[in-house]
Amino acid sequence: MDRLTALPAAPAAAEHGEGPTWDAGRGELLWVDITAGIVRRSSVAADGVVDDVAEHRVGGTVGAVVPAAAGGWLLAAGPGFTHLTEDGRARVLLELRGEGGDADAGGTRMNDAACDRAGRFYAGTMAFDERPGAGALYRLDVDGTVTTVLDGLTVSNGIDWSPDDRTVYLADSGEATVRAHPYDLETGAFGEGRVLLDLTGDDGPADGLTVDDEGCVWVALWGGGQVRRYSPDGDLLTVVDVGTDNTSSCAFAGPGRDLLVVSTSRHGLPAEARAAQPDAGRLFVVRPGVTGPPAYAYRGPVDGLRQR
């Protein structure tokens, strides 16, 4: 087993950093501060230095951001989907039935999300109180329709696909699992899943994840201060140590997509831990010697979305 250490990058800390993804069209790293409702854009230099480019405050919560082929960016935000324009204007496109409400009323919010190669956008939800069964996974198709793919989840989290598009991996942080589902790229359908990883009682549950060009799965462990690389059979291959507890997600970024970027969070850390972990909430980076596939854009409309 290999062991690597990720180093903190330049951008200022987020409160609840999440969801890094590489916007190849603009040559920018996208990521979010969930609880602050902020989309952040950063540059990535050839030497791995990461610097802030811009940030856009969209209000409420924002779980994930991807490029939109129609222009700007698509967000999994609040209880549904929002479009962010190039000049920073945020417009709600659709609020999902059965989602929303505030934390005190047992409400839910959008969480992690990603696009498949066909340009569909898959976005998950969770309850603010993380109660079991309150989460779901939705698919926004390129014709603008939204379909429920999975329900009864707890914290729908990281999602990504194998290089041949035949397997989709989905983390449920509430269940501390990563499941592998057969995937049909033509229709976007999930097959019956199997548990690839069960991290119950481990250093932390699975949070965000990404897949490299060799088909291995990189998983951030919330509360564990690590990102781990697993084979498609679930064998542990690499551990990346991160200098703060709440590692939230990871993605391959940069022109060569050879830089592993790890998002972290200060959310939920007591005052003593915040003082002891001054880099909590910042991005961390490491070059692990492998590359990742491109992150895909949403290819559908940003008007007239409808839920089945």
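Author: Residues are numbered from 1 along each chain as its sequence is written, and side-chain values use heavy atoms, leaving out hydrogens and water. In this predicted model, local features need pLDDT of at least 70, side-chain atom pairs count only at pLDDT 80 or more, and totals for chains, interfaces and linings use all residues.

Reader: Why is Cys 115 called buried?
Author: Buried means under 20% relative accessible area, exposed over 50% and partly exposed in between, with a 1.4 Å probe and protein chains only. Cys 115 has 5% relative accessibility, so Cys 115 counts as buried. Cys 216, at 6%, is buried too.

Reader: How do you know how many disulfides there are?
Author: A disulfide is a pair of cysteine sulfur atoms within 2.5 Å. The sulfur of Cys 115 has its closest cysteine sulfur in Cys 250, 17 Å away, so that pair is too far for a bond. For Cys 216 the closest is again in Cys 250, at 13 Å, also too far. The count comes to 0 disulfides.

Reader: What makes a set of residues a nonpolar core?
Author: The residues must be buried Ala, Val, Leu, Ile, Met, Phe, Trp, Tyr or Cys, joined through side-chain atoms within 4.5 Å. The largest such core here has 21 residues, and Leu 74 and Phe 81 are among those with the most contacts inside it. A second, separate core of 14 residues includes Tyr 169 and Leu 221.
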